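Colleague: I have a few questions about this one. Can you put it up on the screen?
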Amino acid sequence: MDVGHGDDWVGPLSAERDGVLTRWIGLVGKVLRSRLSEAELARELGDLYTALLGGLREGGTDLDSESFGELRALLAELSGTRARQGFTPRETAITVFALKGAVAPVFEERDAAYHEYTRFSDFIDELGLFTFETYAQARDAVIVEQSDQLLELSTPVIKLWDGVLAVPLVGTLDSARTQVVMEKLLEALVETGSRHAIIDITGVPAVDTQVAQHLLKTVMAGQLMGADCIISGIRPQIAQTVVSLGIEFGDIITKATLAEALALALRRDGFQLRRTNTAGGR
Amino acid sequence: MSAARWAGGPAGGEVTVEQTERHPITTEADVVRVRQVVRGLAVTAKMSLVDQTKVVTAASELARNTLVYGGGGSMTVDIVHSGRRRGLRAVFVDSGPGIPDLDLALTDGWTSGSGLGLGLSGSRRLVDDFAIESSPGAGTTVRVVKWSR
């Protein structure tokens, strides 16, 4: 790595701190517009600038060295927050790259200006790339978090009646989700002592052989626990597709709607549904 | 040695292509995207809800085959016109180990893996035209067309 003379820059950069910061804030503010208050931006960039000078003062321009620890932490924090707040990669990167434009006038007045400025510019590029990398990592983390949340969210086990549980499935049923559904359902069966489980697939857009296989496994596991399992929410287009595919659900009970499945479960438990007052009827 | 099985096939006539997209299939997430892309195009081709669901399900099966048995590959999908008919054509290509016995692979319930053994034979029933070409060591190509009624 380049172990150049970072401390050469410290003098002029500290002397012109106010001017550089004002230009930097101006350049970044123009891109971020109203998404960040000027006071907030001034504080952020001020901290960055202080950490940058602190690192350069120790000599090197090697971003990986210990002297830049604080700067790296600040940049990581900044790009992480930007990623979470939904800033674009461009908006995030410009925060660092705009520093080039802001310091250009400082170098113009020095000897060997072009050479030095190029070196400084390379250093800023390093900073920019580092920022971008952490930005991407933060974004990936957000995506993983969201898909985990979705996995949790989309598989509630609902108690419909004493002894009757329902799992409404929504979206794609892959192996990971089937595992979650199965575990939750089996746990709930034990916890509530329920005898009936209804798996509702109204919200599943397509039932291919893999989805069917997952459903069959879940139902079998439920039956092994002594529960009666019903699959409901089979819409006409799903029924036709399943038949064409040649999938056989065997002796598993299926119903078109959740209501019918509930009615069946209740009947099996000896309940009788009767309307006692015809006044509200049609 | 190469084998091919053709079922149906557009009844002669010229086929014109309207819109072509190519999608890689290298992860499980790609299979999900394939389903979404195919559903979008099926809607564009004005298919009925049943036909949409059928072609999406077939694409899902074939994409998973490409991924699981072919070791990854791609899908090329387009909207095709033949005379007054409009349809959706999808071609799944992988360069995996190939299928040594196509007749066996197209038999209901037969699988070399752990699935139900209905993916290939089932998706043939879900579409209107179905063509498969495969030779050991040279990968597999499956071409399907679903016409909107």
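Modeller: Here it is; keep in mind that this is a predicted model.

Colleague: How do H9(A) and H4(B) lie to each other, then?

Modeller: The angle between H9(A) and H4(B) is about 125 degrees, and their axes are 7 Å apart. Angles over 145 degrees count as roughly antiparallel and 65 to 115 as roughly perpendicular, with oblique as the class for the rest. H9(A) and H4(B) are therefore oblique to each other.

Colleague: Which residues make the contact?

Modeller: H9(A) contributes Thr241(A), Ser244(A) and Leu245(A). From H4(B) come Gly122(B), Arg125(B) and Leu126(B).

Colleague: And how do the residues of that contact divide into nonpolar, polar and charged?

Modeller: The contact of H9(A) with H4(B) has 2 nonpolar, 3 polar and 1 charged.

Colleague: Stay with H9(A). Which of its residues are buried?

Modeller: Gln237(A), Ile238(A), Thr241(A), Val242(A), Ser244(A) and Leu245(A) are the buried residues of H9(A). They span an arc of only 160 degrees around the axis, so they sit on the same side of H9(A).

Colleague: Why would residues a few places apart point the same way?

Modeller: An α-helix has 3.6 residues a turn, so residues three or four places apart point the same way.

Colleague: What is on the face turned away from the buried side of H9(A)?

Modeller: That face of H9(A) carries Pro236(A) and Val243(A), which are exposed.

Colleague: What do the buried residues of H9(A) pack against?

Modeller: They pack against H8 of chain A, and also against helix H2 (49-68) and helix H4 (119-126) of chain B. Just after H9(A) comes Gly246(A), with a positive phi of about 90 degrees.

Colleague: Zoom out to the two chains. How many residues are in contact?

Modeller: On chain A, 16 residues touch chain B, and on chain B, 21 residues touch chain A. The elements of chain A giving two or more residues to this side are helix H8 (209-224) and helix H9 (236-245). H9(A) gives the most, with 6 residues. By type, the side of chain A that touches chain B has 5 nonpolar, 9 polar and 2 charged residues.

Colleague: New topic: the sheet in chain A. What is the order of the strands?

Modeller: The order is E1-E2-E3-E4-E5 in chain A, an open sheet of 5 strands with mixed pairing. Strand E1 (158-161) and strand E5 (253-255) of chain A are the edge strands, each pairing on one side only. On average, neighbouring strands of the sheet are turned by 30 degrees against each other, direction ignored.

Colleague: How does E1(A) pair with strand E2 of chain A?

Modeller: The two pair in the antiparallel sense over 3 bridges. Ile158(A) has Ala166(A) in E2(A) as its bridge partner.

Colleague: Which helix lies across E1, E2, E3, E4 and E5 of chain A?

Modeller: That is helix H10 (residues 258-268) of chain A, running at about 160 degrees to E4(A).

Colleague: Last one, chain B. How many bridges join strand E2 to strand E3 there?

Modeller: There are 10 bridges between E2 (residues 15-25) and E3 (residues 73-82) of chain B, and the strands run antiparallel. Ile25(B) stands opposite Gly73(B) of E3(B). E3(B) also pairs with strand E4 (residues 85-94) of chain B, antiparallel, over 10 bridges. There Ile79(B) stands opposite Leu88(B).

Colleague: What joins E3(B) and E4(B) in the hairpin?

Modeller: The hairpin has 2 residues between the strands, and Gly83(B) takes a positive phi near 60 degrees.

Conventions: Residues numbered from 1 in each chain as written. Chains lettered and ligands numbered in written order. Predicted model: local features only at pLDDT ≥ 70, side-chain atom pairs only at ≥ 80, totals over all residues. Pairing = 2+ DSSP bridges. Helix = DSSP H or I, 4+ residues; strand = E, 2+ residues; numbered from the N terminus. Contact = placed C-beta atoms within 7 Å. Nonpolar A, V, L, I, M, F, W, Y, C, P; charged D, E, K, R; others polar. Buried ≥ 20, exposed ≤ 12 C-beta atoms within 10 Å, placed from the backbone. Arc of directions from axis to C-beta. Axes fitted to C-alpha atoms, helices over the stretch in contact; angles between N-to-C directions. Parallel < 35°, antiparallel > 145°, perpendicular 65-115°, else oblique.
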